[in-house]
Amino acid sequence: MATLEPFIEGGTFFEGPRWHDGAWWVSDFYAHTVSRIGPGGTMDTVLEVPGQPSGLGWLPDGSMLVVSMLDHRVLRRWPDGQVTTHADLSELATGHANDLVVARDGSAWVGNFGFDLMEGDAMQPACLARIAPDGTVSRAADDLYFPNGAVITPDGGTLIVGETFGNGMTAFTVAADGALTDRRDWARFGPRPSPGTDRADLLKQLSVGPDGCCLDAENHLWIADAFNQRCIRVAPGGEIVDELKPANGQGVFACMLGGDDGRTLLVCVAPDSSARRRRTVREATLWTARVDVPHAGRP
């Protein structure tokens, strides 16, 4: 059995972990930074994002995309360090913009909360936005319950997105023009709640709260379960075949496979996800575990 071990501490709320170009990359919500972590654990700030950074990805030319949550933008950090707005999601996002996944051709899909999570509003469905390689934004899918972490299979033909308040992972076939078709359950952990459900009642209905996720070479997903202080490995259909928990009993909010052999699982850990509490302290940590099956697909 794999065991999670502490790796990095001192963040406010880590999210969007990625392995890219021989290093870990991670967003820190309330420090407003994107950082690169070298092999020795040295963390260097690469970009400051006043609008609160989340999901990360890379375009074919090496530019980094960063979701700026509060102003509903996706930023582009060019290879020369210049930063521009790659896409504006304000016409589609009905809550904070959140995680994203970038395809091999530079197309990207971005989720959003759909409602004001931090103020305790009732859950409402949201859309998944598609950003074409040139930055053009379109509506890719509707009626998603907090679309969050997403992956693309190695053949580029399937996109899987977690619905944090939907008790499942939803899959789409990616058409040649980037359209999402053939919507279906990839994993179902319980019934889908009704929109507008009171927060307390909603949480009672949720068996798993899918947050950040990644795909492995056996077509299983590692998923951060935001409601149950764990990272789970899930088979197609929804069977949980493995579970990792940090020894301190805190929450797990994102994960990614990486390292030189793709077998290091990095998880983002914090006491909770409350913006009010997290922005004032530095209690977030990164943990790692060695697993048997390596990374596959994107991110």
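Figure 1. About 30 Å³ of space lies in the largest cavity. The model is predicted, with local features requiring pLDDT of at least 70 and side-chain atom pairs counted only at pLDDT 80 or more, whereas totals for chains, interfaces and linings use all residues. Residues are numbered from 1 along each chain as its sequence is written, and side-chain values use heavy atoms, with hydrogens and water left out. On a 1 Å grid over the protein atoms alone, a cavity is a set of points where a 1.4 Å probe fits but cannot get out, and lining residues have an atom within 4 Å of a point. Grid points are joined across faces, edges and corners, and a volume is the space filled by probe spheres set on the points. With a threshold of 30 Å³ or more, the count comes to 1 cavity. The lining is made up of Leu89, Leu92, Ala93, Val110, Gly111, Asn112, Cys127 and Ala129. At least two lining residues come from each of β11 and β12, and β11 gives the most, with 3 residues. Strands are DSSP runs (E, at least two residues), as helices are (H or I, at least four residues), numbered from the N terminus. The lining has 6 nonpolar, 2 polar and no charged residues; Ala, Val, Leu, Ile, Met, Phe, Trp, Tyr, Cys and Pro count as nonpolar, Asp, Glu, Lys and Arg as charged, and the others, Gly among them, as polar.

Figure 2. A pocket is an open set of grid points with protein on both sides within 12 Å along at least five of seven lines. The second largest pocket has a volume of about 230 Å³. Its lining comprises 14 residues, of which Trp19, His20, Trp58, Arg298 and Pro299 lie nearest the centre of the pocket. Two or more lining residues are given by each of β2 (14-20), β6 and β22 (251-258). By class, the lining of this pocket divides into 7 nonpolar, 5 polar and 2 charged residues. Arg298 and Pro299 are joined by a cis peptide bond, with omega about 0°. Pro299 belongs to the segment after β25 (295-296).

Figure 3. Rings of Phe, Tyr and Trp (its six-membered ring) pair if their centres lie within 6.5 Å; planes under 30 degrees apart count as stacked, over 60 as edge-to-face and the rest as tilted. By this rule the count comes to 8 aromatic pairs. The ring centres of Phe29 and Tyr30 are 5.7 Å apart and the planes stand at 90°, so this pair is edge-to-face. Phe29 is buried, with a relative accessible area of 4%, and Tyr30 is buried at 10%; buried means under 20% relative accessible area, exposed over 50%, and partly exposed in between (1.4 Å probe, protein chains only). In the pair of Phe113 and Phe146, the ring centres are 4.5 Å apart and the planes are at 25°, so the pair is stacked. Phe113 lies in the loop between β11 (108-112) and β12 (126-131), and Phe146 in the loop between β13 (137-144) and β14 (147-152), so the pair ties together parts that are 33 residues apart in sequence. A relative accessible area of 4% makes Phe113 buried, and Phe146 is buried with a value of 4%. One aromatic cluster is formed by Phe13, Phe29, Tyr30 and Phe253.

Figure 4. A charge sits over a ring if NZ of Lys or CZ of Arg is within 6 Å of the ring centre and within 35 degrees of the ring normal. Arg76 lies over the face of Trp78, 3.7 Å from the ring centre. The charged end of Arg192 is placed over the ring of Tyr145, at 3.8 Å from its centre. Arg76 is also one of the residues touched by Leu59, together with Leu65, His86, Val102 and Gly106, not counting residues up to four places away in sequence; contact means heavy atoms within 4.5 Å. Leu59 occupies the loop between β6 (53-58) and β7 (64-68) and is buried, with a relative accessible area of 7%. A separation of 8.2 Å is found between the C-alpha atoms of Leu59 and Ser107, which are 48 residues apart along the chain.

**Figure 5. Loop residues with positive phi.** Phi of His72, a residue other than glycine, is near 55°. His72 is in the loop between β7 and β8 (73-77) and is buried, with a relative accessible area of 17%. Asn219 has a positive phi of about 60° although it is not a glycine. The loop between β18 (210-216) and β19 (221-225) contains Asn219, which is partly exposed at 35% relative accessible area.
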